[in-house]
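Reader: I have just opened this entry and would like to be walked through it step by step. Could we begin once the sequence and structure are in view?

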Amino acid sequence: MIISLMILLFFLVVSLFLGIKAKRGKDMDLEQWSVGGRGFGTIFVFLLMAGEIYTTFTFLGGSGWAYGKGGPALYILVYGTLAYVLSYWLLPPVWKYAKKHKLLSQPDFFVKKYDSPALGILVSFVGVTALIPYLVLQLKGLGIIVSEASYGAIPPAAAVWTGLIAITLYVMISGIHGSAWTAVLKDILILGVVVFLGIYLPIHHFGGIQPMFEAVQQAKPDFLILPKSGMSTSWFISTVILTVFGYYMWPHTFASVYTANNPKVFRKNAVFMPLYSIVLVLVLFIGFAAIVKVPGLQGTDADLSLFRLSIQTFDPWMIGLIGAAGLLTALVPGSMMLMASATLFAKNVFKVIVPSASEKQVASTAKYLVPVIALIAVFFTFNGGNTIAALLLMGYSLVTQLFPALLLSLGKTPIVTKQGAFAGILAGVAVVAITTIAGSSLGQLFPALPQAVKDLNIGIVALIINLIVLFGVSALTKNQSAGTEFKEKKAL
Amino acid sequence: MKSLYMLALLPFIGLLGGLSFANRVEPYVLGMPFLIFWIILWVVLTSLIMGTIYFFDPVNKEESE
């Protein structure tokens with residue numbers, strides 16, 4: 001047990017050292033702090049983007065979903081792949097526009113494209129509302145991982161505080177440079193651990209991969225495929241499509257696009273990212289192995305299947321390594337979320353309220369907002385209860401509502417008006433909030449529909465309403481916007 | 001150029017058209033249920049398609065120069 005604690009502590013100290021050392025020789029203005037001076041090459045951008053593949057959600061939730069849901073868990077392999085296909089055409093124009101106009105946050109893009117600070121504030125609030133629960137999830141995951149890996153010696157609360165102090169320190173000092181360097185350590189460790197566990201556990205416990213699946217099939221017939229209703233093929237495809245649209249809409253992922261030093265980086269990543277995400281199938285293998293070997297985990301306890309099976313199988317030093325990998329899957333994405341939240345608040349809320357604020361004041365506001373946001377996240381980690389689960393469920397659907405307005409703005413001038421973009425996002429967000437809080441599904445709302453339609457993800461409804469409002473309001477305000485443009489041209 | 005980019009539609013078409021067919025446990029391929037094998041194959045083929053687009057896309061050569 002002592003050895004696993006020492007390994008955990010060692011990796012925490014190394015990541016803190018790497019995170020702080022990343023500042024060396026750099027003048028940390030806001031551009032350097034938040035987007036790395038737009039100087040990152042293929043590998044750093046790859047690792048920052050891949051940070052989204054290996055978070056605590058995939059580390060614990062991936063195996064947990066395989067354990068609790070079976071076949072439907074395979075959607076985590078599919079949505080990333082399609083998001084990378086989309087990124088080949090989506091990210092280069094975003095990057096070029098951001099570089100040309102020196103943009104630093106996701107709302108900056110909407111503000112500049114639509115010439116609307118109000119739209120920037122709306123995008124900021126949608127982003128933070130989605131991001132805080134995601135950060136809380138990382139912290140809760142961190143607490144579970146460290147507590148399990150230390151055999152209960154470190155309570156989850158102590159783990160959360162320690163981890164959060166570490167990332168707050170290196171985010172304030174090194175910004176995204178700290179996240180990039182710790183991402184290198186994280187991905188080396190997580191790849192090693194996941195590949196080893198995903199191959200070793202089925203062989204050790206069942207004698208091979210096929211015997212493991214045959215044992216699962218015997219214990220739970222047809223658990224390894226998609227059911228005929230509920231999480232059926234139409235649920236699978238609609239959920240994948242929604243998640244693909246939302247993939248790059250998270251404020252921290254969107255901002256990491258700005259860090260690249262040229263647009264070719266994204267096209268290159270679009271080729272290799274799908275192969276990199278294949279490793280996730282081994283996370284699912286761990287969950288499948290646990291179905292037979294650690295039966296009876298109910299509800300959210302399914303997320304513990306990876307650790308419960310590992311503790312049953314390995315010595316403490318190995319548990320320490322697995323815990324360290326899990327610890328880093330919380331720290332790296334957590335640090336990016338902290339930074340993105342702080343940057344967009346400073347740049348798109350504080351700067352709008354105090355227009356006279358200098359760049360230096362905005363930069364120091366962003367840095368000092370980091371511990372404030374960290375404390376808010378800690379509060380919700382310990383007091384959020386089920387509210388956080390509901391908000392997180394909404395998270396992906398919320399950020400997906402930003403996608404239509406972004407996509408329709410990628411030409412030289414946006415196809416829709418700023419009023420349309422504002423109203424569309426607002427309508428989509430309202431539908432997401434109502435359906436999530438009410439726990440509605442399409443089947444409940446329209447019981448007479450065919451099963452395949454009833455199984456569609458309810459988020460599709462929000463997206464359709466978003467689009468209808470977006471185009472409707474744009475048609476009504478087209479002349480108003482044209483008038484504004486004419487006045488601006490005349491003034492020039 | 002346009003036809004090269006059209007290749008990117010193949011993963012979407014493959015997923016929409018093939019998922020119902022692939023949704024079965026047997027036959028096991030490489031020790032995996034057919035659905036899992038099919039999804040891994042789909043990911044690999046998608047990566048190959050994107051590699052082909054990247055290799056032949058003139059925009060990448062222009063940016064190198």
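Reader: How far does helix α1 of chain A reach from its first C-alpha to its last?
Author: In this predicted model, helix α1 of chain A runs over residues 2-21 and holds 20 residues. At 1.5 Å a residue, the expected reach is 28 Å, and the span from the first C-alpha to the last comes close to that, at 28 Å.

Reader: Within what arc do the buried residues of α1(A) fall, seen down the helix axis?
Author: The buried residues of α1(A) are A:S4, A:I7, A:L8, A:F11, A:L12, A:S15, A:L18 and A:G19. Seen down the axis they line one face of the helix, because they fall within an arc of 130°.

Reader: Which exposed residues does α1(A) carry on the face turned away from its buried side, and which helices do its buried residues pack against?
Author: The face turned away from the buried side of α1(A) carries the exposed residues A:I2, A:M6, A:L9, A:F10 and A:F17. The buried residues, for their part, pack against four helices of chain A, namely α7 (117-149), α8 (156-174), α9 (176-206) and α16 (316-353).

Reader: How is the aromatic pair of A:Y84 and A:Y247 arranged, stacked or edge-to-face?
Author: A search of the whole structure finds 27 aromatic pairs over all chains. In the pair of A:Y84 and A:Y247, the ring centres are 5.6 Å apart and the planes stand at 90°, so the arrangement is edge-to-face.

Reader: How many residues apart in sequence are the parts that this pair ties together?
Author: Both tyrosines count as buried, A:Y84 at 1% relative accessibility and A:Y247 at 3%. A:Y84 lies in helix α5 (residues 75-100) and A:Y247 in helix α11 (residues 233-247), both of chain A, so the parts tied together by the pair are apart in sequence by 163 residues.

Reader: What angle lies between the planes of A:F196 and A:Y200?
Author: A:F196 and A:Y200 both belong to helix α9 of chain A, where they are four residues apart, about one turn of the helix. Each is partly exposed, A:F196 with a relative accessible area of 33% and A:Y200 with 31%. Their rings form a stacked pair, with 5.0 Å from centre to centre and an angle between the planes of 15°.

Reader: How many residues of helix α6 of chain A are buried, and what covers them?
Author: Helix α6 (residues 106-114) is mostly covered, with seven of its nine residues buried, and these are A:Q106, A:P107, A:D108, A:F109, A:F110, A:K113 and A:Y114. Just after the helix, A:D115 takes a positive phi of about 50°. What covers the buried residues includes, in chain A, α5, α7, α12 (251-257), α16, α19 (403-407) and α20 (418-438).

Reader: What is the radius of gyration of chain A?
Author: Chain A has 23 helices and zero strands, and buried residues make up 59% of its 492 residues. Among its contacts between residues at least 6 apart in sequence, 86% join residues at least 24 apart. A compact globule with 492 residues would have a radius of gyration near 23 Å, which agrees with the value for chain A, 23 Å.

Technical notes. Residues numbered from 1 in each chain as written. Chains lettered and ligands numbered in written order. Predicted model: local features only at pLDDT ≥ 70, side-chain atom pairs only at ≥ 80, totals over all residues. Heavy atoms only, no water. Helix = DSSP H or I, 4+ residues; strand = E, 2+ residues; numbered from the N terminus. Expected span 1.5 Å × (residues − 1). Buried < 20%, exposed > 50% of the residue type's maximum accessible area, 1.4 Å probe, protein only. Arc of directions from axis to C-beta. Contact = heavy atoms within 4.5 Å. Phe/Tyr/Trp six-rings, centres within 6.5 Å; stacked < 30°, edge-to-face > 60°. Rg over C-alpha atoms; globule rule 2.2 N^0.38 Å.
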